[in-house]
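Trainee: I'm new to this one. Please walk me through it.

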Amino acid sequence: MSQMPQPAQLSACPTCDEPPQAGDRYCDQCGADLAAAAASAAQTPGDRPVPPGLNGAAWSPHPEPEPDDYELAAPAPDDYELAAPAPDGYELATPAPDGYELATPAPDGYGQPADPRAAGALGAPEAAPPTETGTPAEIDTGVNASTHTSAATSTGSMAGTGTGAGPRLPGGERRPRCAACQEGTIDQDGYCERCGHAQARERDHMESELEGIAAASDRGLRHHRNEDAFAVSAAELPDGSPVMVAVVCDGVSSATRPDDASAAAAHAAGEALRTSLPRGAHPQQAMNEAIVAAAEAVNSLALDTGAAAAHHEGQRHQNAPACTIVSAVVTSDILTIGWVGDSRAYWVPDDRTAPPARLTEDDSWAAQMVAAGLMSEAEAYADERAHAITGWLGADAYELEPHTASYKPDRPGVVVVCTDGLWNYAESAEQMARAVPSDARSRPLNTAQILVGHALDGGGHDNVTVAVVPFPAAPGRAGSA
């Protein structure tokens, strides 16, 4: 390091008037820099430069020592930079050399931490697309990873993972790094061990696409977790013609474990349809059996392991896990819908001069009032009891009554299968058709993303899930995209 020349001796410290000892560079009483003070005193007022303000702060009349007076601290291990202590007791941050990570925003509310929901875009690897191994192509977002992720996506299993590659721990283990402070590692409960910030759950936003079918789901802007789930798949009928399957489930928030209920139902129904349709089952019969399988999967969540079926009656009065379900099966010439609850399916033709249609009737208080002629639709859905459901999947459901219906559209279009988190913002068939882009049949994933965005722009009061299934089903076997 270069050395500063020895300054002239001062008679008293300019800060506290303490007489210095011979050869002292710093005041024994207050620690002031006597060398700098002597150099400043030797300058005439006209020659003394005025330092610029730092971040808008007023300039101090007591200048800091020249940089060459002090040795810079060596970089700390693990790529973190330590600040060199200043003589007057304040910590001055040294500039980070090239290749070292800049300091993160300070705690205690300063700085703008990253949105944990955007964690998936900051380095999380994209899940590998599913491969064909002789079984129907499928994506089941209640269990398996998605083939596509958006900027706010972290898909796969339900545990939160944060973002990026975490710091190396003893033994070479690496953990995910916090999306907020970018330093701490994430514990098993999904919280940063350094700043305590909750990380994005992997179900907060999910997107999946196969050739000819796509779905998207988002937590929304008001809920603390996503209680929706979906499954989409593509297979072949015995004659080799294609068939597309979409299942959408909405967990009942007032019940226990609604997220587990929706995931279990979507997985079970999707598996049942993927198994029965290639064997030649009639679509409506296959749909009915799939809904029964989904109900049994949800019922099992309320029963203890190994419990006998006779205990089912004892579960009726408990707040058992529950969800709604709506599913679509699309072939080259027929469209089949099945549902229980208030999740819906809509038909939107490519030719927007042709009328769209709602394909389901809600199992809800409002629908019952309208069907009984007691209230108009506008009056019923304006009532606070409108969304109270009268049918659901769960051990406390009094009777399971799957609804199924088949249609033969006379023109191409798309089937929109969704939870009430979307249709609350596009309730009528005409409103839904206006929200669906004109190229929906050729771009189902883009359409699903736009519809989720439509709900979020409208307020995002609920979880939002939508699957978009083009009709007729795309020719040829659908693989992963």
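**A short tour**

Mentor: Start with Ala366, which is buried at a relative accessible area of 0%. Buried means under 20% relative accessible area, exposed means over 50%, and partly exposed is in between (1.4 Å probe, protein chains only). This is a predicted model: local features need pLDDT of at least 70, side-chain atom pairs count only at pLDDT 80 or more, and totals for chains, interfaces and linings use all residues. Residues are numbered from 1 along each chain as its sequence is written, and side-chain values use heavy atoms, with hydrogens and water left out.

Trainee: Which element is Ala366 found in?

Mentor: Helix 4, residues 365-371. Helices (H or I, at least four residues) and strands (E, at least two) are DSSP runs, numbered from the N terminus.

Trainee: What is Ala366 in contact with, leaving aside its neighbours within four places in sequence?

Mentor: Ala380, Tyr381 and Ala386. Contact means heavy atoms within 4.5 Å. Arg385 is 19 residues from Ala366 in sequence, yet their C-alpha atoms are 7.2 Å apart in space.

Trainee: What does Arg385 form a salt bridge with?

Mentor: Asp383, with the closest N and O atoms 2.9 Å apart. A salt bridge is a side-chain nitrogen of Lys or Arg within 4 Å of a carboxyl oxygen of Asp or Glu. Arg385 counts as partly exposed, at 44% relative accessibility.

Trainee: How many salt bridges does a search of the whole structure find?

Mentor: It finds 14. One of them joins Arg411 to Asp351, with 3.5 Å between the closest N and O atoms. Arg411 lies in the loop between strand 13 (403-407) and strand 14, and Asp351 in the loop between strand 10 (344-349) and strand 11, so the pair ties together parts that are 60 residues apart in sequence.

Trainee: Which residues are linked in a network of salt bridges?

Mentor: Arg225, Glu227 and Asp259.

Trainee: New topic. In what order do the six strands of the open sheet run?

Mentor: The order is 4-5-15-14-10-11, with antiparallel pairing. Strand 4 (205-210) and strand 11 (357-358) stand at the edges with a single partner strand each, so one side of each has no neighbour in the sheet. Two strands pair if DSSP finds at least two bridges between them.

Trainee: How many bridges join strand 4 and strand 5?

Mentor: Six, in the antiparallel sense, with strand 5 covering residues 213-218. Glu207 stands opposite Ala216, and Ser208 has Ala215 as its bridge partner. The two strands form a hairpin with two residues between them, and Gly212 in the turn has a positive phi of about 95 degrees.

Trainee: How many residues of strand 4 are buried?

Mentor: Six of its six, so call the strand mostly covered. His205, Glu207 and Glu209 point one way, while Met206, Ser208 and Leu210 point the other way.

Trainee: Which strands does helix 8 lie across?

Mentor: Helix 8 (residues 444-458) lies across strand 4, strand 5, strand 14 (413-418) and strand 15 (464-471). It runs at about 145 degrees to strand 15. Axes are lines fitted to C-alpha atoms, for helices over the stretch in contact, and angles run from 0 to 180 degrees between N-to-C directions.

Trainee: At what angle do helix 2 and helix 3 cross?

Mentor: Roughly 145 degrees, with the axes of helix 2 (residues 258-276) and helix 3 (residues 283-302) coming within 8 Å. The contact includes Ala261, Ala265 and Leu273 of helix 2 and Met287, Ala294 and Leu301 of helix 3.
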